[in-house]
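Open the model in your viewer and get ready to select residues as we go. We will hop from stop to stop.

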Amino acid sequence: MSTVTVEASHLTRIYGGREAVSDVSFNLSKGEVLGFLGPNGAGKSTTMKMITGNLAPSAGSIKICGIDMIENPKEAKALIGYLPETPPLYRELTVDEYLAVAARLHGVKGAQVKKSIERAKERCGLTEMSKRLIENLSKGYQQRVGIAQAIIHNPMVVILDEPTVGLDPIQIRDIRALIKELGGEHSVILSTHILPEVEMVCDHVQIIHLGKLVFSGGIDVLKQQRRGNKLLVGLNNPPASEALLAIEGVIAVEQLSPGLLRVRYNEGQSPAEALVQAAVSNGWGLHQINHDQTSLEDVFVQLTYQEAAE
Amino acid sequence: MIFNIVRKELKSLFSSPMGWVILALLQFVFGTFFLIGVDQYFQTMSGAMRPEQRIGITAFVGQNVFGIASFVMLFAVPLLSMRLISEERRQQTLTFLFSAPLSITEIVIGKFLGLVGFLSIVIVFMAAMVSSMNLWTNVDFGYILSNVLGLWLLVASFSALGIYVSSLTHQPVVAGIITFVALFALLILDHFLAGDPTSTMAYLSLMRHFEPFSRGLMDTKDFAYFILFIITFLTLTIRRLDADRLRG
């Protein structure tokens, strides 16, 4: 299934002469989860506002399932569920009342309203909170109501702006599971600055910095970049580095601390097995061997920094 | 779709004490004036010797009730209209409406009809109150209809201006005060310019167009004035909200 649900081309938004978002283009297919990453003020929220029709782009176009957002905003908006940065909640209403309003405004027909409320509540773990005033709910539950509101009409595209802010770790896990589940039948775009989250739930990642896309690709590419071709080896009696370089595939050895070495190897020629054998037969005292992962933070900083240096 | 917005507005009005308190207070005020009107009618009319000084009970009580209504609404409408858009702006719930498959026109008209619908409840109660005199005497229904219609148009105009002012600011209280001052100025405009009855400015006064209705006279030009007034301010509101989307 590769039906394109979101098609953004050359989106540009100018605020008082400054380009908040410039020339952002991407496509999203059905069933994909797209993660939007970027430092504060990079233009994530602005881009999302443009996709949802809350803000008119200065240039460029957005198509939702082939419907142009600028020419046919009503039809396009009907296909989107959107949770903005601050959940848009009417605090004086109860959860049920609020969700009923949301369902009706999104064109859910009379008889279906009750059913869709039940389903959204169940998905977001709100069943116990039906009769509570939104005002009296904790921040985490309010956030869930916000998500429930975005998925109530079963939209093709769900857009979540920092959905896990203010939630406790268990709720975060639930919400992530929900996002993954949504990704099955809908397309999901979410923005965040929690990097591990992206790795856990997203298929595609886009990193936006100073209004420009600096990285766009599958999560595998990012993971690859992160893993690199490095091994972290802990030896109690480390030999001279020549002995290690003799092992097939090893191209460089670097001493990190006494007894801890970083071994670089050629792509696709992992020397791990040979290294363990050598260590055993020569009595190097191997106590640790692991992939040396650059943290996602490092990759992120690298990508945003590179752009700034250019 | 407009109906859904109307429904939502009425729901928020009735889910806070605000709606109920205002309904109760208005009803109390109008009820009191109705009572005073009925009470004084016999005293006043028995004192009026000459037959041409005598007026019907509908006109007498109606003047009492509908006369005070236009003045009381001057306070009530800004209190209700001030929150319509500014509060949504402040709570960031406007995004909720903008993301829904609705045009801005539908949102604004829905909000307007919601408020007018709420105020209509008050007007219906007033009309029922005055008509209840029909149980004991013959009431001039034409006179009541004209007054109700006039009051309704006046209140709708107040609401349209109130919504526009509310769309300009983030602070409901600021919106309320500005609406009140603007409405007050529009109402008493013809008092300031009483010396010059042909003045164009005096013609803009809301009171001047309400006054024929309260005498039982329904004139097309007054209808046109109120309708144009409402359309103007609703259009301005739509344009103001559209600017949010365009300029951010």
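Select A:Leu232 and look across to A:Asn290 in β14(A), which stands opposite. This is a predicted model, where local features need pLDDT of at least 70, side-chain atom pairs count only at pLDDT 80 or more, and totals for chains, interfaces and linings use all residues. Residues are numbered from 1 along each chain as its sequence is written, while chains are lettered from A and ligands numbered from 1 in the order in which they are written.

Now show strand β11 (residues 230–235) of chain A: five bridges join β11 to β14(A), and the two run antiparallel. (Strands are DSSP E runs of at least two residues and helices H or I runs of at least four, numbered from the N terminus; two strands pair if DSSP finds at least two bridges between them.)

Next, go to chain B and select helix α10 (residues 206–214). Which of its residues are buried? They are B:Leu206, B:His209, B:Phe210, B:Phe213 and B:Ser214, where buried means 20 or more other C-beta atoms, placed from the backbone, within 10 Å of a residue's own. These residues cover an arc of only 145 degrees around the axis, which puts them on the same side of α10(B); the arc is that of the directions from the helix axis to the C-beta atoms.

Last stop: just after α10(B), B:Gly216 has a positive phi of about 95 degrees.

Key:
Buried ≥ 20, exposed ≤ 12 C-beta atoms within 10 Å, placed from the backbone.
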